Amino acid sequence: MYPDYETIMKLAENKEYRRIPVCRELYADRYTPVEVMRILRGASRHCYLLESASQTEVWGRYSFLGYEPTMEITCTDGVMKIRRTGKESGESEEIRKVDHPGDTLREIISQYKSPAMEGMPTFTGGLVGYFSYDYIKYSEPKLELRDETQQDFRDMDLMLFDQVIAFDHYRQKVLLITGVMTEIELEAGLLKDEKELAEHNMLVDLGRNDIGKISKIGTVEVEKYLSVERFSCVMHLGSTVTGTIRDDKDAVDAVDSILPAGTLSGAPKFRACQIIQELEQSKRGIYGGAIGYMDFTGNLDVCIAIRLVYKKNGEICIRSGAGIVADSVPEKEFEECTNKAKAVVRAIKQAEEGLE
C-alpha cells in the first residue's frame, strides 16, 4: 500500500487537505474492466465504468470503475437534491433552491479536498456523472430553454465515489484506491457523531458518580469537556473529572471507588461488568486495570492499562476495546479496536530483539 504512514501524516499536516488517497496494487491478470463492471452491477445499482482513448492509442492508459456512492447530487430547474447514502450515517435527503448548482459543488469538493499523488492515476475519487446541455442556463440565466417534449432530463446528475478501482493498462495493474480523511475532517465528524457523544456523556456521568463517592460535597467538577485527543493511530473525545478527596478516605478507597474506570466497563457499572463476564468468560487481568504507584505519603498515581501488550506463557497478547451503545455499528466498533491496537502492533514490529 502507498503512500506509507509517514507520508500520510506529513500530508495531513497541510491544513488545506481533508482527504489523502491511498492505493493498493494487484496484478490485472484475471479480470477485464468489463468483467469487473458486471460484478459491480450485481452488487450495486449505482456503479460506473469510464473508458478513454488517447489521440495516439486505441485505448487510454486507465479505466475507472466504482460502486456504492456515498452521495447523489442532482439539480433540475434550480432545485437541488443531495441524498446521502453512507452506511455509517444512514440515508438522508436535503433539498435546496439554488441560483447556480456550482456553488454547492464547490462546497462538497472542499470537504474532500485531496492532493494530487505522484504515481497514482489522475482520478482518485470524486464526483462521477453528467452535466446536461441545458446546464448552460445557470451561467447564462437570460437564455430561455423549454422542454416541449418533457424528456425529463436532469440538468446535472452526479454521484460521490470515495473508492475507485483503476485499471492501469500500461503496467497491467489494478489499483484499489480509497481516501483517508485528515484530522480536521475527522475531528469535525467526531464532535457531531451522536453515537460518540452519547457514549462519552455516559462515561462522564459515570466518572462523576465514581469520584463523588470519595469526594467532599461540592468539589466534583468537569474541568475539561469534549476535548479531541490525538494519538498515533486514533483520536477520540476526552474529558477531565476532578474532586477533592474526603478526610476519611484514602488511596485504597479511591481504587475501590473508581476501578475499573467507566471507559473499560460501562454503565451501570455493576451490570456492565456482569455482561462482560458473560461474553468474555475469562479474567481480563492487567487489561482494564490500573498501573502506577501508591506511595508512603498517601499519594496514588495510576493510569488505565488500555491498548495493552503483555507476554505470558510464551505468548504475546494485544488487547484493545471499544464502547458499545444502542446505536453502535458492529463493523465500526471492530475497526476502532483494530485502529487502537495498531500502535502496539507497530511497536512490536519495530522492535529488533523482540520481548525477552
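How many helices and strands are there in the protein chain? There are 10 helices and 16 strands, where helices (H or I, at least four residues) and strands (E, at least two) are DSSP runs numbered from the N terminus.

Before you click on anything: this is a predicted model, in which local features need pLDDT of at least 70 and side-chain atom pairs count only at pLDDT 80 or more, while totals for chains, interfaces and linings use all residues. Residues are numbered from 1 along each chain as its sequence is written, and side-chain values use heavy atoms, with hydrogens and water left out.

**Stop one: the open sheet.** Select β6, β5, β4, β8 and β7. In that order, these 5 strands make an open sheet with antiparallel pairing; two strands pair if DSSP finds at least two bridges between them. Now look at the edges: β6 (92-97) and β7 (126-131) each have a single partner strand, so one side of each is left without a neighbour in the sheet. From one strand to the next, the twist averages 15 degrees, taking axes as lines fitted to C-alpha atoms and angles as running from 0 to 180 degrees between N-to-C directions.

Zoom in on residues 71-76 (β4) and 79-84 (β5), an antiparallel pair with 6 bridges. Pick Ile-73 and you'll find its bridge partner, Ile-82, in β5.

Select β1 and β10 together: they run antiparallel and are joined by 9 bridges. Glu-25 has Leu-175 in β10 as its bridge partner.

**Stop three: the cores.** Show side chains for Tyr-48, Phe-64, Phe-123, Val-164, Ala-166, Leu-175 and Ile-177. These have the most contacts inside the largest nonpolar core, which has 19 residues. A nonpolar core is a set of buried (under 20% relative accessible area, 1.4 Å probe, protein chains only) Ala, Val, Leu, Ile, Met, Phe, Trp, Tyr and Cys residues joined through side-chain atoms within 4.5 Å. Which element gives the most to this core? That's β1, with 3 residues.

Center on Tyr-48. Leaving aside neighbours within four places in sequence, Tyr-48 is in contact (heavy atoms within 4.5 Å) with residues including Met-37, Phe-64, Val-128 and Phe-161.

Methods:
Buried means under 20% relative accessible area, exposed over 50%, partly exposed in between (1.4 Å probe, protein chains only).
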